[in-house]
Amino acid sequence: MKDRNNYLLLHFLVAALMAIVGILCMWLGNTFVSNIGSVLLISGIYTILDNMLLKKSLIDLVIQKVQLDQEIDSSGLIKLDSTLTNINYKELLENAKSNIDIVQNYARTWTTNNFDFIKETIMNSECHLRVVLLNPDSPFVPALENHYGYSEGQLSDLIVEVSNKWISLYGEVEEKRKKCNSKRNNSSSYKNKKCGTVELYYFNGQPTNSIYRIDDKIIVVSCKNSKIKSIHLPYMIFKNNESNGMYKTYLGEIDNIINEATKVDLENKNVTNN
């Protein structure tokens with residue numbers, strides 16, 4: 001800000017000096033000098049107006065743009081869009097190395113479309129998977145069934161259906177882990193001995209957004225308030241910029257939801273308090 005003020009002051013002084021010299025030339029000089037004075041006077045006045053109005057506005061606009069860019073960089077935002085099919089979940093999930101967190105109501109279509117990518121990653125790496133779904137017994141379920149036109153118990157059945165996919169994946173992961181760790185199975189058919197973990201949680205509240213954490217990126221998808229299904233929903237993707245950006249904010253929200261949720265006992269396939 002100080003440099004900008006110095007810049008404007010310098011240009012103003014030069015322009016004022018030109019205007020003063022122009023006036024003196026017009027007053028004291030002959031016709032030729034008077035003409036030169038007129039040029040200097042007009043140039044000085046134009047320069048003053050140009051710096052006071054046009055350039056000042058331009059500089060302010062540039063400063064606002066720079067400040068906005070700085071705020072975006074600070075937040076960690078790397079994408080803002082409204083077409084869900086533009087999100088490359090396949091690439092993100094297949095390349096996950098350490099953490100996948102999924103927070104959603106039930107999202108049967110999303111789970112069906114992306115389950116194989118997640119399974120491949122969890123079965124062949126040490127990636128940790130945490131899935132949070134709406135509790136089938138949540139008081140929000142009847143209200144959502146009424147809102148979306150589902151029959152009684154239909155939404156609960158859909159949540160259970162999606163849950164069974166994650167329960168099945170847990171079983172496959174643990175079966176591989178046992179075989180790879182067994183002393184009698186050193187010659188296991190698994191060439192890759194690595195496998196991740198699977199955790200499933202039921203949340204009694206209603207998530208206002210679907211949140212997906214995939215390693216150093218978090219995708220936040222707005223929930224649709226109307227009944228009409230559409231691929232057009234606002235979403236944001238944030239990266240972990242190692243500062244107090246939105247990645248850490250949403251990761252904290254995921255952890256808070258999990259702390260408040262009920263952990264599903266996948267070994268015995270029943271629900272226990274977390």
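Contact here means heavy atoms within 4.5 Å. By that criterion, and not counting residues up to four places away in sequence, Ser156 touches Pro136, Val141 and Glu145.

The model is predicted: local features need pLDDT of at least 70 and side-chain atom pairs count only at pLDDT 80 or more, while totals for chains, interfaces and linings use all residues. Residues are numbered from 1 along each chain as its sequence is written, and side-chain values use heavy atoms, with hydrogens and water left out.

**Overall content**

The protein chain has 7 helices and 9 strands; helices (H or I, at least four residues) and strands (E, at least two) are DSSP runs numbered from the N terminus. Of its 274 residues, 38% count as buried, where buried means under 20% relative accessible area, exposed over 50% and partly exposed in between (1.4 Å probe, protein chains only). Among contacts between residues at least 6 apart in sequence, 70% join residues at least 24 apart.

**Cores**

A nonpolar core is a set of buried Ala, Val, Leu, Ile, Met, Phe, Trp, Tyr and Cys residues joined through side-chain atoms within 4.5 Å. The largest one has 43 residues, of which Ile102, Leu129 and Trp166 touch the most other members. Helix H6 (residues 154-181) supplies the largest share of this core, 9 residues. Another core, of 15 residues, lies apart from it and includes Val103, Tyr201, Ile211 and Ile257. Leaving out residues up to four places away in sequence, Trp166 is in contact with Ile102, Thr111, Phe115, Ile118, Leu129, Val131, Leu133, Val198 and Leu200.

Axes are lines fitted to C-alpha atoms, for helices over the stretch in contact, and angles run from 0 to 180 degrees between N-to-C directions. Angles under 35 degrees count as roughly parallel, over 145 as roughly antiparallel, 65 to 115 as roughly perpendicular and the rest as oblique.

| Pair | Axes come within | Crossing angle |
|---|---|---|
| H4 (residues 108-124) and H6 | 11 Å | roughly 10° |
| H5 (residues 140-148) and H6 | 8 Å | roughly 110° |

H5 is therefore roughly perpendicular to H6. Their contact involves Val141, Leu144 and Glu145 of H5 and Gln154, Leu155, Ser156 and Ile159 of H6. Ser156, at 16% relative accessibility, counts as buried, and its C-alpha atom is separated by 8.9 Å from that of Glu145, 11 residues apart along the chain.

H4 and H6, by contrast, are roughly parallel to each other. Among the residues making their contact are Thr111, Phe115 and Ile118 of H4 and Val162, Trp166 and Leu169 of H6.

**The loop between E2 and H4**

Gln104 sits in the loop between strand E2 (99-103) and H4. Its relative accessibility is 1%, so Gln104 counts as buried. The side chains of Gln104 and Tyr212 make a polar contact (3.0 Å); such a contact is a pair of N or O atoms within 3.5 Å, and within protein one must be able to donate a hydrogen and the other to accept it, with residues adjacent in sequence counting only if both atoms are side-chain atoms. Beyond its neighbours within four places in sequence, Gln104 is in contact with residues including Trp110, Val132, Leu134 and Ser210.

Ala107 belongs to that loop between E2 and H4 as well. Ala107 is not a glycine, yet has a positive phi of about 50°; with a relative accessible area of 21%, Ala107 is partly exposed.

**The loop between E5 and E6**

Asp215 lies between strand E5 (209-214) and strand E6 (217-222). Phi of Asp215 is positive, near 55°, and a relative accessible area of 16% makes Asp215 buried.
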